Amino acid sequence: MKIEIDEGKCVAAGHCVMVAAEVFDQRDEDGVVVLLDPAPPEHLHEQVREAALLCPANAILSGGRDSAS
Amino acid sequence: MDEPKVLPTAARATGCPYAPAAELYEMQKSEELPRIRIPNPMIGEFEAVALTRYSDIRSALNDDRLQMGFVFDPDAPRTMLNQPGNLLNYNGAEHSRLRRMLTAAFTVKRIRALQPMVEEVVAERLDALAAEGPGVDLVTEFSTPIPTQVICHLLGVPYADRADFQRRAKVGLDINTSREKQIENLAELDAYMAELVAAHRREPGDNMLGILVRDHGPELTDDELVGIGNMLLIAGHETTASMLSAGTALLLQHPEQLAVVRDDPSAIDGAIEELLRFCSPATTMPRQAAADLQVRDQVIKKGERVMTSILVANRDPDIEAPDLDTLDVRRPPQPHITFGYGAHQCLGQQLARLELRVALPALFNRFPTLAVGVDHDEIDYRTTALVFGVNRLPVTW
Ligand code: SF4
């Protein structure tokens with residue numbers, strides 16, 4: 001799994017940090033998502049998928065062509 | 001007296017105030033998007049396209065072509081819907097600019113750091129309940145003061161001013177209040193907030209207004225700061241107050257679910273999400289089309305207003321989860337849209353979660369025999385206001 005984020009879209013709602021704190025953080029100055037691990041290990045994939053689903057701004061892109069890997 | 005006005009997209013079932021009215025489920029089933037009349041004291045009655053399906057609303061709220069529809073107009077009288085600095089009055093780049101200045105104060109980390117303060121506020125309110133004794137109204141002694149004190153703390157509002165503050169917020173959210181009364185009420189709130197802003201300009205406090213003045217002082221006008229303060233106040237307290245009282249009333253009618261909230265700390269986060277989904281305090285969210293757009297195969301024309309029903313969308317049978325009409329606090333996390341969706345999704349949602357997560361278990365632990373002091377069907381629910389809630393909730397133990 002490879003993750004990409006779109007900072008421009010992020011509305012700093014923090015769902016990603018709530019469900020996958022190992023993978024996402026937020027910048028102190030403006031709350032925008034920070035990607036801690038662009039290729040997280042298998043056991044975190046489910047959480048990342050949930051983060052992408054909950055993100056209200058579609059700022060987290062995960063899976064796609066990588067979803068099979 | 002006139003019949004109280006009810007937004008059709010907020011209509012509740014006759015038997016259960018938590019459930020959407022049958023008409024809303026009808027609209028949801030219908031392939032054709034209904035156009036309905038919406039009463040509004042500010043702009044008069046208007047027509048809007050009703051969106052009731054979960055997936056329609058999610059994509060609509062995330063579509064740039066659907067805008068807030070009440071853009072700030074400096075030449076029109078100040079109302080709740082016409083405020084500089086209020087995020088709900090901005091779209092696109094202007095909205096992001098303002099929102100970005102505010103988000104630093106609302107990161108998960110910053111909100112978690114507020115936990116001790118929230119715990120202190122809750123402990124104080126529990127003592128106040130105990131001191132009043134059985135028969136006390138939970139709404140006035142617990143559900144309303146908690147978020148009010150928290151937001152006052154964050155804005156730096158002195159304790160002595162809270163009652164007035166609370167009253168003005170309540171008036172501002174009542175769709176049955178006349179336009180004149182709304183304008184007058186907001187003028188009072190503005191005047192108060194302007195003094196607060198001036199104080200922070202002189203000496204920025206250690207709270208949200210202080211942070212804003214310190215980090216973004218020159219970029220924000222005093223007017224914008226006043227609007228931001230009003231927005232944080234209104235958004236920050238009425239909805240959370242409603243969740244505390246409507247959530248408590250609901251759990252008291254479902255003792256086996258209440259036991260989970262009280263006794264299982266590992267289940268609390270999921271339980272709060274389920275309560276948020278089930279109560280949907282901000283029942284509807286309005287938008288306006290800035291350009292033609294399509295929902296399924298139907299066109300919403302540029303200029304048309306749109307009214308989303310969060311209430312019925314959160315129970316859409318199309319969502320792949322069993323029986324969303326049943327409260328089940330152990331349900332696996334269910335993506336709801338209680339806080340909206342898209343660029344305008346609630347800025348204060350993590351704060352709201354924190355307050356609920358601290359307050360509800362503490363209440364049920366302190367008063368294990370808590371019960372509603374009237375018959376359940378006599379609970380005075382607030383079903384006509386923009387925010388669902390309970391007017392009075394006498395409790396005993
Ligand atoms: S969930 Fe989405 S909007 Fe929220 S902080 Fe993470 S990336 Fe940003």
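What share of the 69 residues in chain A is buried? Taking buried to mean under 20% relative accessible area, with exposed over 50% and partly exposed in between, for a 1.4 Å probe and protein chains only, the buried residues make up 46% of that chain.

Before I go on, this is a predicted model, in which local features need pLDDT of at least 70 and side-chain atom pairs count only at pLDDT 80 or more, while totals for chains, interfaces and linings use all residues. Residues are numbered from 1 along each chain as its sequence is written, chains are lettered from A and ligands numbered from 1 in the order in which they are written, and side-chain values use heavy atoms, with hydrogens and water left out.

Let me stay with chain A. Its secondary structure comes to two helices and four strands, where helices (H or I, at least four residues) and strands (E, at least two) are DSSP runs numbered from the N terminus, and the order of these elements from the N terminus is β-α-β-β-α-β. If contact means heavy atoms within 4.5 Å, then among the contacts in chain A between residues at least 6 apart in sequence, 55% join residues at least 24 apart.

Now the ligand. Around the ligand, counting residues with a heavy atom within 4 Å, we find A:C10, A:V11, A:A12, A:A13, A:G14, A:H15, A:C16, A:V33, A:C55, A:A59 and A:I60. This shell divides into nine nonpolar residues, two polar and no charged, with Ala, Val, Leu, Ile, Met, Phe, Trp, Tyr, Cys and Pro counted as nonpolar, Asp, Glu, Lys and Arg as charged, and the others, Gly among them, as polar.

B:T144 counts as buried because its relative accessibility is 14%. Its side chain reaches the backbone oxygen of B:V139 at 2.8 Å, and, leaving aside neighbours within four places in sequence, B:T144 is in contact with B:V139, B:Q166, B:H237 and B:A241. The helix α7(B) is mostly covered, with 10 of its 11 residues buried, including B:P145, B:I146, B:L154 and B:L155. After α7(B) comes B:G156, whose phi is positive, near 80°.

The next site is B:N91, which lies in the loop between β3 (66-67) and α3 (92-103) of chain B. With a relative accessible area of 14%, B:N91 is buried. Its side chain makes a polar contact with the side chain of B:Q67 at 3.4 Å; by polar contact I mean a pair of N or O atoms within 3.5 Å, where, within protein, one must be able to donate a hydrogen and the other to accept it, and residues adjacent in sequence count only if both atoms are side-chain atoms. The side chain of B:N91 also reaches the backbone nitrogen of B:M68 at 2.9 Å. Beyond four places in sequence, the residues in contact with B:N91 are B:Q67, B:M68, B:G69, B:V71 and B:H344.

Buried or exposed, what does B:D264 count as? B:D264 counts as buried, because its relative accessibility is 18%. The side chain of B:D264 makes a polar contact with that of B:R330 at 3.0 Å, and, not counting residues up to four places away in sequence, B:D264 touches B:A259 and B:R330.
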